[in-house]
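Student: Please take a close look at one part of this model, its pockets. I would like a connected account.

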Amino acid sequence: MAEIIHPFYESHRGAMEAAMCHRLDLAEAMLRECAHLSGIAGIRQEVMDEFEIVLTQMPYVGGAASRMSDFFMRLIGFMAISRVLRRHGVSLSVIGEIERETYKAQLLTVPEAERLASGRQFMSSENQALLREQATQSATKSHQKEFPEDFVYDFVEPGPGDSFEFGIDYKACGFCKFAARHGDKDILPNICGLDFDAYATRGIHLQRTQTLAGGASHCNFRFSRLPTD
């Protein structure tokens, strides 16, 4: 029996596949020069075939009502890239470098004004209020029962002497759950490494000193605005 893609992800499938093709375009030179791979057309096809598998494995965490759905849709494709490169004998460190540089290049194709506006919206008091609300919801038994593969997190207010504007402590990570379920634990840290550029390109400084993937009790995200020129 063929595996089924959740209808929510199926409705976004075209955009997700287009983003994957764009990433592979941007990664091509590094695949040749850093990973020392040839037959790039074949590698691309392997990645897209693996992405089809990943799409069927993606957990549903609430669709448009959940901010974490966007995290899955933007980043889960890197699992497919990592799996294929790992099978071709590329080291985890090189895989991580290729994925970070590729993702940064892709993010920078968005006009700067649009990126910075997105960053200001993320840091806004209105979004912080939404984050508080969703953090509280994520920790409820009813939510965890309905969406067991979702993230669980706390909103963190700055204390006296803190330089960050607000923080998020992730107590449970959807990517960690995904990796544990599908045998991807070794490539998980590369997914974690994408966060810094994702925020920096939007004018946000992310400070994080520990992760669940690294064995900590939680991921400690702390956010502040980068200085403007």
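Tutor: A pocket here is an open set of grid points where a 1.4 Å probe fits, with protein on both sides within 12 Å along at least five of seven lines. The model is predicted.

By that definition, the second largest pocket has a volume of about 320 Å³. It is lined by 16 residues, and Leu116, Gly203, Leu226, Pro227 and Thr228 are closest to its centre. H7 gives the largest share of this lining, six residues. By class the lining consists of six nonpolar, four polar and six charged residues.

The largest pocket has a volume of about 720 Å³. Its lining has 28 residues, with Asp70, Arg74, Tyr103, Leu107 and Arg202 nearest the centre. Of the lining residues, 13 are nonpolar, eight polar and seven charged. At least two residues each come from H2, H4 (67-75), H6, H7 (112-123), H8 (125-138) and H12 (195-200).

Two of these contributors, H2 and H6, also pack against each other. The axes of H2 (residues 13-33) and H6 (residues 92-107) come within 9 Å and cross at roughly 125 degrees, which means that H2 is oblique to H6. The crossing is right-handed. On the H2 side the contact involves Ala19, His22, Arg23, Leu26, Ala27, Met30 and Leu31, and on the H6 side Glu97, Ile98, Glu101, Thr102, Tyr103, Ala105 and Gln106. Together these residues are eight nonpolar, three polar and three charged.

Note on methods:
Residues are numbered from 1 along each chain as its sequence is written. This is a predicted model: local features need pLDDT of at least 70, side-chain atom pairs count only at pLDDT 80 or more; totals for chains, interfaces and linings use all residues. Side-chain values use heavy atoms; hydrogens and water are left out. Axes are lines fitted to C-alpha atoms, for helices over the stretch in contact, and angles run from 0 to 180 degrees between N-to-C directions. Helices (H or I, at least four residues) and strands (E, at least two) are DSSP runs, numbered from the N terminus. Angles under 35 degrees count as roughly parallel, over 145 as roughly antiparallel, 65 to 115 as roughly perpendicular and the rest as oblique. A crossing is left-handed if the near helix is turned anticlockwise from the far one by less than a right angle, and right-handed if clockwise. Contact means heavy atoms within 4.5 Å. Ala, Val, Leu, Ile, Met, Phe, Trp, Tyr, Cys and Pro count as nonpolar, Asp, Glu, Lys and Arg as charged, and the others, Gly among them, as polar. On a 1 Å grid over the protein atoms alone, a cavity is a set of points where a 1.4 Å probe fits but cannot get out, and a pocket is an open set with protein on both sides within 12 Å along at least five of seven lines; lining residues have an atom within 4 Å of a point. Grid points are joined across faces, edges and corners, and a volume is the space filled by probe spheres set on the points.
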